[in-house]
Amino acid sequence: MTESHLFDQVTGFYDTHPINEHQILEKLERDGVDLGALSEDQLQAYDQDHYGGLAANDRLAELAGITASSHVLDVCCGMGGPARYLAHNYGCRVTGNDLTQSRVDGAAKLTAMAGLDTLVTFRQGNALDLAFDDATFDVVISQESFCHIPDKDRLIAECVRVLKPGGRMAFTDIMTTDRTKPAALERLSREMAMAELSSADAYSRRFADNGCEVETFEDLSEEWHAILVERLAMYRSLEDQTVARFGQAHFDKWDGAYAFFVGLYETGEMGGGRILARRGG
Ligand SMILES: C[S@@+](CC[C@H](N)C(=O)[O-])C[C@H]1O[C@@H](n2cnc3c(N)ncnc32)[C@H](O)[C@@H]1O
């Protein structure tokens with residue numbers, strides 16, 4: 001598959017993802033929220049597209065030492081949930097980058113609705129070619145997104161390039177284990193747009209190659225297994241809404257792919273973790 005085909009696959013995947021701007025706003029309305037006076041505290045129940053919810057944002061903030069004076073880049077920011085959460089709770093400036101235009105548009109709309117658009121801004125673009133000057137950010141974060149990106153050497157080099165010397169990069173990602181089989185990788189690539197998965201050790205080597213030291217690695221595989229079982233149930237609970245928006249065939253395809261993915265955590269064929277790296281300086 002060519003790189004441009006891979007990126008089309010990712011944007012197609014996220015254009016039709018069950019967590020989207022419309023479904024977030026529908027759920028809030030169903031909760032009786034006045035969308036004309038929307039706050040981050042209300043949005044945050046529905047706009048996070050990673051494992052471990054708000055606590056996972058706080059853990060990244062703690063590891064990276066985010067304060068009100070930090071300028072944070074959220075690489076692959078999705079609907080902007082973590083970006084808004086960090087700005088709202090830590091007072092920092094956050095720039096979100098995402099490949100999928102519908103995600104960037106939805107993120108900008110929700111951010112304006114929550115009155116956070118002075119602190120949080122978004123830019124559509126490929127993480128392999130970040131549209132920012134060298135040494136722009138104090139902190140780079142990302143959650144459960146690098147699995148979609150095909151050239152991890154270039155990705156880590158790009159993230160480190162935009163980080164200030166001494167800056168920190170804290171992220172989580174789906175990672176291979178020593179039990180991962182090629183057939184599983186092939187199916188995840190085909191059905192869930194997971195273009196390339198890395199092991200934790202391979203990430204550490206890439207940081208070392210780019211003048212960074214990995215200070216912390218947390219293995220989240222077991223914790224994520226439990227979360228993924230719940231997520232599958234949550235997506236199934238959204239069946240009516242997903243079918244109404246994208247059709248039954250789409251839902252069935254999604255459900256089969258997701259159930260397969262969750263099963264890989266059951267057998268230990270798939271894992272994940274949190275890495276903190278510091279750029280030398
Ligand atoms: C699972 S979502 C995570 C969203 C967000 N980090 C969160 O926690 O809510 C993955 C995101 O990665 C984005 N993405 C995938 N490949 C990308 C790339 N090459 N460059 C930038 N964004 C990308 C997708 O568009 C999607 O929004």
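## Start at one helix

Select helix H9 and the parts its buried residues pack against: helix H7 (152-161), strand S6 (212-219) and strand S7 (270-279). A quick note before going on: this is a predicted model, where local features need pLDDT of at least 70, side-chain atom pairs count only at pLDDT 80 or more, and totals for chains, interfaces and linings use all residues. Residues are numbered from 1 along each chain as its sequence is written. Helices (H or I, at least four residues) and strands (E, at least two) are DSSP runs, numbered from the N terminus. Packing rests on contacts, meaning C-beta atoms, placed from the backbone, within 7 Å.

Now zoom in on H9, residues 200-209: Tyr203, Arg206 and Phe207 are buried (20 or more other C-beta atoms within 10 Å of a residue's own; exposed is 12 or fewer, partly exposed in between). They sit on the same side of H9 because they cover an arc of only 100° around the axis, taken from the directions from the helix axis to the C-beta atoms. Just after H9, click glycine 211, which has a positive phi of about 75°.

Next, select the strands. Seven of them make an open, mixed sheet, ordered S3-S2-S1-S4-S5-S7-S6, where pairing takes at least two DSSP bridges between two strands. At the edges are S3 (120-124) and S6, each pairing on one side only.

Finish at S1 (residues 71-75), joined by three bridges to the parallel S4 (residues 137-143). Pick out leucine 73: opposite it stands valine 140 in S4.

Technical notes
Two residues are in contact if their C-beta atoms, placed from the backbone, lie within 7 Å.
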